[in-house]
Amino acid sequence: MHRAYQSVLPTHNKLLQQRWDTTYYKEHRRKVYDAKPMVDTKPPPTYMHLHLKLKKLQLEEERLAIIERDNRTLLEKMSYIMRTRGRIDNRNNYEYKSLNREKRQRELLRVIKENQSILQRINMRQPEYSAKKWEDDWVANQRFMDSISAYPQNWWLEKEKPRQGRSARLERRHHDEGRQSAKSKEFKDDQQQGTPPPATTEDKGKVKPKKESEKKKKVAKRGQKEDSPQQKDASRSPTPQQKVATRSPTPQQKEATRSPTPQQKEATRSPTPQKVESSEQRNEAENSENAEIPVQQNESEA
């Protein structure tokens, strides 16, 4: 009894109700299986003429056939050339023949004649304006401008005039003194006797002492250069007595300058032995001083 079909709804025949229910269920499953979706999720259809392009393949085969044919013809020509001497006709004796050459030449001659006539008319034409008159007007205007201007024309191109005054005189004086000092140094170098010995490795480190005589001469020159303002004034503006003395020398001075005494002549000709000895002694003293100074420096270094 428990294995019998149990219908959902009450029925008087369970066998018939079971058949009906199974029929309805099968119909429902068939409808569900055959139902179409509302959204199309299937892949797009494929077309063979898009994937397999027969026309393209045909054109490619034709192109390869043409290339093969050309290669074959070239190979035949090359083989013929190799077998024979390779006769090649590369000459071209064709002459260019123009049908309108004469017309173009006539046109060119006409244009040349017209240009020549235009040039002749331009050259024969007289000018309307006078260049000489313009130049004269410009010169007159320049004169007027010079008469009313404060500075001359091209004043910045004029050379600077030399300065005059006390500063210019001082500059010239300093320049002359520098030239004189340079000449005196050259003269002293020429007066020195002999050339100095070559410097050794020991003498390179030593300091060459200066002679006292040269120092004294430099000090004397500086004293002569740096005169007092009173001495400068005296040298610039001499007194009237000095002017008279320079202008009119006495007769005694004239006789002294004209005729020197015999004693003076003998003194100028033959120097006294005392003077000679003094000069020799002076040279010996200077040499002894120069020899002592390097010894002292060597002791200080030690």
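Student: Is Asp70 buried or exposed, or in between?
Tutor: Start with the classes: buried means under 20% relative accessible area, exposed over 50%, and partly exposed in between, with a 1.4 Å probe and protein chains only. Asp70 is partly exposed, because its relative accessible area is 36%. Keep in mind that this is a predicted model: local features need pLDDT of at least 70, side-chain atom pairs count only at pLDDT 80 or more, and totals for chains, interfaces and linings use all residues. Residues are numbered from 1 along each chain as its sequence is written, and side-chain values use heavy atoms, with hydrogens and water left out.

Student: Which residue meets Asp70 in a salt bridge?
Tutor: The general idea is that side chains of opposite charge can pair when their charged atoms come close. The rule here asks for a side-chain nitrogen of Lys or Arg within 4 Å of a carboxyl oxygen of Asp or Glu. Arg69 is the partner of Asp70, at 3.9 Å from N to O. Arg69 is partly exposed, with 48% relative accessibility.

Student: How many salt bridges does the rule give?
Tutor: The count is 8. One of them joins Arg125 and Glu128, with the closest N and O atoms 3.0 Å apart. Arg125 is exposed at 59% relative accessible area. Glu128 is exposed too, at 63%.

Student: Where do Asp34 and Arg30 lie?
Tutor: Both are in helix H1, 4 residues apart, about one turn of the helix. Helices (H or I, at least four residues) and strands (E, at least two) are DSSP runs, numbered from the N terminus. By that reading the protein chain has 13 helices and 0 strands.

Student: What span should helix H1 have?
Tutor: The expected span is 1.5 Å times one less than the number of residues. H1 covers residues 14-34, which is 21 residues, so it should span 30 Å. Its end C-alpha atoms are 30 Å apart, which agrees.

Student: Which residue caps the N-terminal end of H1?
Tutor: Asn13 does: a side-chain oxygen lies 3.3 Å from the backbone nitrogen of Leu15. For such pairs, a polar contact means N or O atoms within 3.5 Å; within protein, one must be able to donate a hydrogen and the other to accept it, and residues adjacent in sequence count only if both atoms are side-chain atoms.

Student: Which side chains does Ser98 touch through polar contacts?
Tutor: The side chain of Ser98 pairs with that of Asn100 at 2.9 Å. It also pairs with the side chain of Arg104, at 3.4 Å. Ser98 sits in the loop between helix H3 (54-83) and H4. Ser98 counts as buried, because its relative accessibility is 19%.

Student: Why does H4 lie largely in the open?
Tutor: Of its 24 residues, the number buried is 0, so H4 lies largely in the open. H4 spans residues 101-124 and should span 34 Å; its end C-alpha atoms are 35 Å apart, which agrees. For the protein chain, 2% of the 302 residues count as buried.

Student: Which residues make the nonpolar surface patch of about 430 Å²?
Tutor: Patches are made of residues with over 30% relative accessible area and no salt bridge: like charges are joined within 9 Å, nonpolar side chains (Val, Leu, Ile, Met, Phe, Trp, Tyr) within 5 Å. Here the members are Met48, Leu52, Leu54 and Leu57. Met48 belongs to helix H2 (residues 48-51). Met48 is exposed at 59% relative accessible area.

Student: What backbone feature does Asn154 show?
Tutor: Asn154 has a positive phi of about 55 degrees although it is not a glycine. Look for Asn154 in the loop between helix H5 (131-148) and helix H6 (166-191). Asn154 is partly exposed, with a relative accessible area of 41%.

Technical notes. Accessible areas come from the Shrake-Rupley method with a 1.4 Å probe; for residues, only the protein chains shown count as cover.
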